[in-house]
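The sequence and structure are shown first.

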Amino acid sequence: MTKTASPREMTRRQLLSGTVAVSASFAIGAGFIAAPDAAWALEVTHLKPETMATLVRMARDIYPHDQVGDEYYIIAVRGYDSAEMAEMVEAGISALDAAAQGRGFDSYLSIGWERDRVDILRAMEESHFFQAVRGGLVTGLYNQKAVWPIFGYEGESFSARGYMDRGFNDINWL
Amino acid sequence: MAASFDFNDDNVVVVIGTGAGGGVLANELAQKGVHVVALEAGGRYLPEDYINDEWESFGQLAWLDPRTTSGDWRVARDFSGLPAWIVKAVGGTTTHWAGASLRFQDHEWKALTTYGRVQGANLLDWPIDAEEMTPWYDLAEKKLGVTLTNGHAGLPGNNNYLVFEKGAKALGYKEVSTGRMAINSDWNDDRMPCQQTGFCFQGCKWGAKWSAAYTDIPRGEATGNLEVREHAHAARILHDEAGKVTGVEYFDRDGNLQFQRARIVAVAGNSFESPRLLLNSASSMFPDGLANSSGHVGRNYMRHMTGSVYAIFDKPVKMWRGTTMAGIIQDEARHDPSRGFVGGYELETLALGLPFMAAFLDPGGWGREFTTALDHYENMAGMWIVGEDMPQETNRVTLNHAVKDQYGLPVANVHFDDHPNDIAMREHAYAQGQAIYQAVGATRTFPTPPYPSTHNLGTNRMSEHARDGVVNRWGQTHDIANLFVSDGSQFTTGAAENPTLTIVALAIRQADHIVREMSAGSL
């Protein structure tokens, strides 16, 4: 099962000692991916760690929000690390990497500029894999309650007696 | 005290569906001493059960039984299995409606006479008119406690409305207000006033918004004359050799087929299930389905010309705070062909939470063009366009024999193509909506395509002559005297107004008619 490790559970040395690859945003080790500063780590059991890292990068490239941390994209896609989904995801990410290699890059994850990655995604946006990932993110990303405050959305309201006394008409710039 | 009628009691009126049509009809009949069995496919949810969470509420209340779609409407591409967002529960779609309660304009009862023939459209005048309907609208507005009628004050406007109102006035619009709403602005009918909670579409947890679920239905049940059977999924209506309906076959909550005899059957399953039921009730005597000698069962499907306009400003709006539909501009509802289309449209404020905005702002959209819009969600305002779309014979509900539901019955396929008049009207409305927000300083505006339809009309339409429609001026089918239609599928044309008040008014009137006919021995 996947889990997210807290910073206390992994020091930077421990992290780097187990790391086989570091991209701009991911440290990738045997059976895990992590933030380069060990702010978070994710155990990966059915997918290759590189595959999960690429999937997270793909998710952000589909719905990029610069103010939304990686941890929310990881939560959105970690369900793909399962026996049922592994084959489809490995194949899809393989195709993504093949497209990147076709354009002269080592892998999708190695591409430095978002614009170049998005070009590749646009070319495959009719594919079943892209549509499955994109469609899943609509709820996987935006239906996380922890994401809502980042956008200002206040969520459930009845328990606070609605907005009658909480600014339902407080606009002050008209 | 709760009624319980025998399956073989052939003196009961069986009402299928308990929404604005079926729920009101069932109660009105019960109040007059008629015995009613109401079959409701869904369960019973009350304010304490409603959930202030868009997707969780959707899972609780939405009709999710399978349907298929076809045609050039974008819904068929983006939401191919979900042509409509309606409710499967006691109270029907009155559970999640926004509460807008508008009368038809006088000329809208006579769309063919007023607009003239429109090529490709199947316009027809209703067999009733404004004068006929006035007293029934009076009763409906009293029943629903509609604001700005009967001394009920208008609701206060929220942030989203204040932006809308300023832009409207800047453009010179005159008919701008928080509108006639079936939401209490003060204590009324033993229900408290609106608390501006912002989850109207998820069921009003205060009961401030009128819904048949906690008004007409329990009041009908309290008479001892109404039995509501939940999780009762109507499958077929049966008839005798004389061509009169004899009762309704339905699947109960355990999936067992039951048969309830009936003196009269009233179909009110909303505009997909009602024609589907009539079509699935085909027999050797009625090979094209019940009440379908005209061929119009399922045809002339209308969903209102819809669309939305969202706008971003450089400062916060927080449109999710307060009533989901908080105000209206009615100036464009007039018939004025100089604009390039017949019929008119209403502009009504609308807000979605972040989760639904991500799903509906630009279905299928992705990348920074999409995400930069959501980045400014807090600074967004929004409106919904409700306009009269053209009835077309080819826009229709048919049985999809390739797809069966959980009971083995063919599902409804909904085919819809926009008419050029619909497109012209929508483009005009998008332009006006944009202009309204730009007048208040919007830095970015979005025309948003129609969502899964919440207004579904016309598929068993009223007509003067049997060849032109399915039911007569009473909602009684032309072909079968003891078979009625009581929901929005009766609509001959859609008008520019939200349909619920008209459905309620028709149901009150239909109950009155049915009782008189029963007393006279004609039914």
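Among contacts in chain A between residues at least 6 apart in sequence, what percentage join residues at least 24 apart? The figure is 57%. The model examined here is a predicted one.

Chain A has 174 residues, of which 35% count as buried. Its secondary structure consists of 7 helices and 5 strands. Read from the N terminus, the elements follow the order β-α-β-β-β-β-α-α-α-α-α-α.

Two packed helices are described by the angle between their axes and the distance between the axes. For helix H2 (residues 49–62) and helix H3 (residues 70–77) of chain A, the angle is about 110° and the axes are 9 Å apart. H2(A) is therefore roughly perpendicular to H3(A), since angles of 65 to 115 degrees are placed in that class. On the side of H2(A), the contact is formed by A:Leu55, A:Val56, A:Ala59 and A:Arg60, which meet A:Asp70, A:Tyr73, A:Ile74, A:Ala76 and A:Val77 of H3(A). By residue class, this contact of H2(A) with H3(A) contains 7 nonpolar, no polar and 2 charged residues.

## The contact between the chains

Chain B contributes 35 residues to the contact and chain A contributes 29 residues. On the side of chain B that touches chain A, helix H6 (159–170), helix H9 (354–360) and helix H10 (368–375) of chain B each supply at least two residues. The residues on that side of chain B comprise 15 nonpolar, 12 polar and 8 charged.

## The parallel sheet of chain B

One open sheet of chain B has 5 strands in the order S5-S2-S1-S9-S17, with parallel pairing. Strand S5 (226–229) and strand S17 (483–485) of chain B each have a single partner strand, so one side of each of these edge strands is left without a neighbour in the sheet. On average, and with direction ignored, neighbouring strands in this sheet are turned by 20° against each other.

Within the sheet, strand S1 (residues 13–16) and strand S2 (residues 36–39) of chain B run parallel and are joined by 4 bridges. B:Val15 stands opposite B:Ala38 in S2(B), and B:Ile16 has B:Leu39 of S2(B) as its bridge partner. In a regular strand the side chains alternate between the two faces of the sheet. In S1(B), B:Val13 and B:Val15 lie on one side and B:Val14 and B:Ile16 on the other; all are buried, and both faces of the strand are covered.

## The mixed sheet of chain B

A further open sheet of chain B contains 3 strands in the order S3-S15-S14, with mixed pairing. Strand S3 (68–70) and strand S14 (396–404) of chain B stand at the edges with a single partner strand each, so each has one side without a neighbour in the sheet.

S14(B) pairs with strand S15 (residues 410–415) of chain B in the antiparallel sense over 6 bridges. One of the bridge pairs is B:Leu399 with B:Ala412 of S15(B). The hairpin of S14(B) and S15(B) has 5 residues between the strands, and B:Gly408 in this hairpin takes a positive phi near 85°. Helix H8 (residues 270–280) of chain B lies across S14 and S15 of chain B, at about 65° to S14(B).

## A helix with a buried side, and an exposed proline

Helix H2 (residues 54–61) of chain B has B:Glu54, B:Ser57, B:Gln60 and B:Leu61 as its buried residues. These residues cover an arc of only 125° around the axis, and so they lie on the same side of H2(B). An α-helix has 3.6 residues a turn, so residues three or four places apart point the same way. The buried residues of H2(B) pack against H9 of chain B.

Is B:Pro337 buried or exposed? B:Pro337 is exposed, because 10 other C-beta atoms lie within 10 Å and 12 or fewer is the criterion for an exposed residue. B:Pro337 belongs to the loop between strand S11 (328–329) and strand S12 (345–349) of chain B. The C-alpha atoms of B:Pro337 and B:Arg263 are separated by 47 Å, with the two residues 74 apart along the chain.

Conventions: Residues are numbered from 1 along each chain as its sequence is written. Chains are lettered from A and ligands numbered from 1 in the order in which they are written. This is a predicted model: local features need pLDDT of at least 70, side-chain atom pairs count only at pLDDT 80 or more; totals for chains, interfaces and linings use all residues. Two residues are in contact if their C-beta atoms, placed from the backbone, lie within 7 Å. Ala, Val, Leu, Ile, Met, Phe, Trp, Tyr, Cys and Pro count as nonpolar, Asp, Glu, Lys and Arg as charged, and the others, Gly among them, as polar. A residue is buried if 20 or more other C-beta atoms lie within 10 Å of its own, exposed if 12 or fewer, and partly exposed in between; C-beta atoms are placed from the backbone. The arc is that of the directions from the helix axis to the C-beta atoms. Two strands pair if DSSP finds at least two bridges between them. Axes are lines fitted to C-alpha atoms, for helices over the stretch in contact, and angles run from 0 to 180 degrees between N-to-C directions. Angles under 35 degrees count as roughly parallel, over 145 as roughly antiparallel, 65 to 115 as roughly perpendicular and the rest as oblique.
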